Amino acid sequence: MKLPRYTATIAPPKETGLVRAQDTGALTDVGSAEFRAIEGAGRAIQQTAGIGFQVYMDRQALDDLQKMGEISIKAQESEKLGIDEIGLIDIQESRPLPNDPDYYKGDKIPDSISWAKSNEKVFADHKKRILDLATPIKNPKTRQKWINSQLIRGADSFGRVSRAKYDEYQQATFLGYAKDAASNGDIETANKWIDIAEKYGLIGPKKAAAERDKNIENYIVGLYRKGNHDEARKALEASSLDSKQKEILDDEIDSDERNSLTQAGLAIEQKDDAIGAGFLDLLTNKLDPAKPQLTFDMIKVSELSFDAKKEWFTLLRVFDNYSEQELKEAFTDKGEVLADIYDKIDDGTLTDELDTMVGKGLSPITAQRIKTEVREPYKKDTEQLFKRIFGWSPELGFENELSSFLYEKTLRTWEAEIKAQKATGEKIIEIGRSIARPYFLEHLKTVMPSETNISRMIELALGEEIKEVKPAEPTEVKEQETVKPELYEVGESRTDEKGQFWEYIGNNKWQKK
Amino acid sequence: MTTAIFIMAIVGTGVQAYGQYQQSKQAQAQAKAQAAWNLYNSKVAKRQAEAEQRAAAFESKQHKRKAEALLAKQRALVGASGVEMEGSPLLVAEDTAAQLAKEAVNIRLTGQRRVQAYRSQSILDISRASAATSRAAGYGRAAVIGAGSTLLQGGAQAGYLGYQMGVIE
């Protein structure tokens, strides 16, 4: 019998016992947070540095801006200094002049090299000053930018100033040549210089046209100043000047002609006086025959004027016929007459009275002595006092005898006014000026050439605008102004150097006879 | 003051670069760890598949033994009753055998499917490990490049600062 057998069922396990890895932490970000924080910290530090940098740069920009304001003013001073240095450059040392044989070659005056060279040292000095000034600017780029702008500006200024200086010099040279040529009668050469100046762009067409007109004017002025008044009138008539210019020039020619005659007349009179003084001494010798005597031949060959010779011939004939007693009387002053004449000195009307007094018994010798000696202290006093009032003495005024008396009278009025007002200090000078000005102006109008700018002269002499000052004129002054002194009697005749006879028609005017 | 700002700019750059570098290195380490764990899981799945295969084979073998025992018992009962193994008894035996065979096939197929599932899991885990390894390499390169870029940029900026402030010429 077969017994059933039992077999144990040992099933192998379905599970291995191994567990799958799930959420082990390997995929979890556990460490990067720390490093993200570190990176953030680094970024924060970097950004802080950036902010600090920005603050620093902003502050630096403000500082630089402030510094640039300060040093820009100094830079301008440096520029001015450079311009002043250019002003001191002697152009003639570095610039060719028209007498250079190569001067006119080409289309341009060869000046650019000269003025550029003259700038080199000036610019180098300016650059050094600018570099020194730029030191306080902290930002290198800002500093360099400022330096560049200043140097460009300086170079431009120096160039312009130099160019203008050279052009001005050249222009003045050419126009001066033109004026000289025209004044010397060579109007063709004068116009050539104007053409050259215009060709090289130193002057424009409008100025060139004006300068050509000036050439004509200078030509005419040159003529009449040499005494060629008729030629000057002819040239003026033939010129292309406009009517206004012609009228002005015509007046100038007339005035110059009158002045030349007046001056000639004054010169003759002074010469007559000087010779007459010597003749008077000789005339006195008639009381002593042993001494040299005045003769008709001496008068004849003398340099006296025609009229003075006639007067001296008459006087000598009269004295030749005088007896010894009459001669003694003639050469002896009568006391009351002498007293009179000294009163006249005080009145300042001496010259007008001298001839009259001689007729009344004043010795001609005494009259001459008074003229030559007694008035001298007045002249000196006058000069000193005028210097005190104006800081300037009108010494030229003493060429005309009468004007000196006007001054003397002015001074007496001034002194009287000081006493009347009990003035002191500056007030004294103020009174003096207000009183003297009308006399001074009147005198200048009388003795100065007609083309003289009298207003300007007064302005320079008195240091103030004459139009702005209206002095209160004292009564005496008005009287003096209304009665214009006549140097000659109306109808009086004179001869000029050419032998032409002239008749005085009053108001300082002469007419040909 | 200018020197302090300049130093801060340099230090800040250095710290930032260090942070970036360490972050990338950290990510690299994590990726490497992930790859290792994925490989571990793939081995677990593989072991599970082998265990399932052995279990399925045993189950199939057990089923075969049970089937043979049942059929032997049926034949013994029929023989003891004196009934010939023909007609209905034979049909019952044949039907039993067919049912047992179906059951055996079913047991084998079920076991094979479970094994296949674990094998697939193992393959997927290997793929994940491979991807993580690649990521780890990328993080390694990123650490160097990122930190280098930061150093370059920060260095240039610090240089600009220093030059503007006159710390360096």
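Colleague: Which helix is B:Gly146 found in?

Modeller: B:Gly146 is found in helix H2 (residues 88-165) of chain B; helices here are DSSP runs (H or I, at least four residues; strands are E, at least two), numbered from the N terminus. Residues are numbered from 1 along each chain as its sequence is written, while chains are lettered from A and ligands numbered from 1 in the order in which they are written. This is a predicted model, in which local features need pLDDT of at least 70, side-chain atom pairs count only at pLDDT 80 or more, and totals for chains, interfaces and linings use all residues.

Colleague: How many C-beta neighbours does B:Gly146 have inside 10 Å, and how does it count?

Modeller: Count the other C-beta atoms, placed from the backbone, within 10 Å: 20 or more is buried, 12 or fewer is exposed, and in between is partly exposed. B:Gly146 has 19 such neighbours and therefore counts as partly exposed. Over chain B, 28% of the 169 residues count as buried.

Colleague: Which residues is B:Gly146 in contact with, leaving aside its neighbours within four places in sequence?

Modeller: A contact means that the C-beta atoms, placed from the backbone, lie within 7 Å. On that basis the partners of B:Gly146 are B:Gln20, B:Tyr21 and B:Ser24. B:Ser24 is 122 residues away from B:Gly146 in sequence, yet their C-alpha atoms are 8.5 Å apart in space. Chain B has 2 helices and 0 strands. Of its contacts between residues at least 6 apart in sequence, 91% join residues at least 24 apart.

Colleague: In chain A, at what angle do the axes of H4(A) and H6(A) cross?

Modeller: Axes are lines fitted to C-alpha atoms over the stretch in contact, and angles run from 0 to 180 degrees between N-to-C directions. Helix H4 (residues 140-183) of chain A and helix H6 (residues 205-225) of chain A cross at roughly 40 degrees, their axes coming within 7 Å. Angles under 35 degrees count as roughly parallel, over 145 as roughly antiparallel, 65 to 115 as roughly perpendicular and the rest as oblique. H4(A) and H6(A) are therefore oblique to each other. Among the residues making this contact are A:Leu175 and A:Ala178 of H4(A), and A:Tyr219 and A:Val221 of H6(A). Its residues divide into 5 nonpolar, 4 polar and 2 charged, where Ala, Val, Leu, Ile, Met, Phe, Trp, Tyr, Cys and Pro are nonpolar, Asp, Glu, Lys and Arg charged, and the others, Gly among them, polar.

Colleague: And how far apart are the axes of H6(A) and H8(A)?

Modeller: The axes of H6(A) and helix H8 (residues 243-284) of chain A are 10 Å apart, at an angle of about 15 degrees. That makes H6(A) roughly parallel to H8(A). The residues in contact include A:Ile220 and A:Tyr224 of H6(A), with A:Leu249 and A:Ile253 of H8(A). By class, this contact has 4 nonpolar, 1 polar and 4 charged residues.

Colleague: How many residues does each chain bring to the contact between A and B?

Modeller: Chain A gives 30 residues and chain B gives 38. The chain A side has 15 nonpolar, 9 polar and 6 charged residues. For the complex, the predictor gives an ipTM of 0.70 and a pTM of 0.42.

Colleague: What is the mean pLDDT of chain A?

Modeller: pLDDT is the predictor's confidence in each residue, from 0 to 100. Chain A has a mean of 75, with 65% of its residues at 70 or more. Over residues 464-485 of chain A the pLDDT is below 50, and this stretch has 25 contacts in the model beyond near neighbours in sequence. Where pLDDT is low, the predicted coordinates should not be read in detail. Chain B has a mean of 90, and 99% of its residues reach 70 or more.

Technical notes
Two residues are in contact if their C-beta atoms, placed from the backbone, lie within 7 Å.
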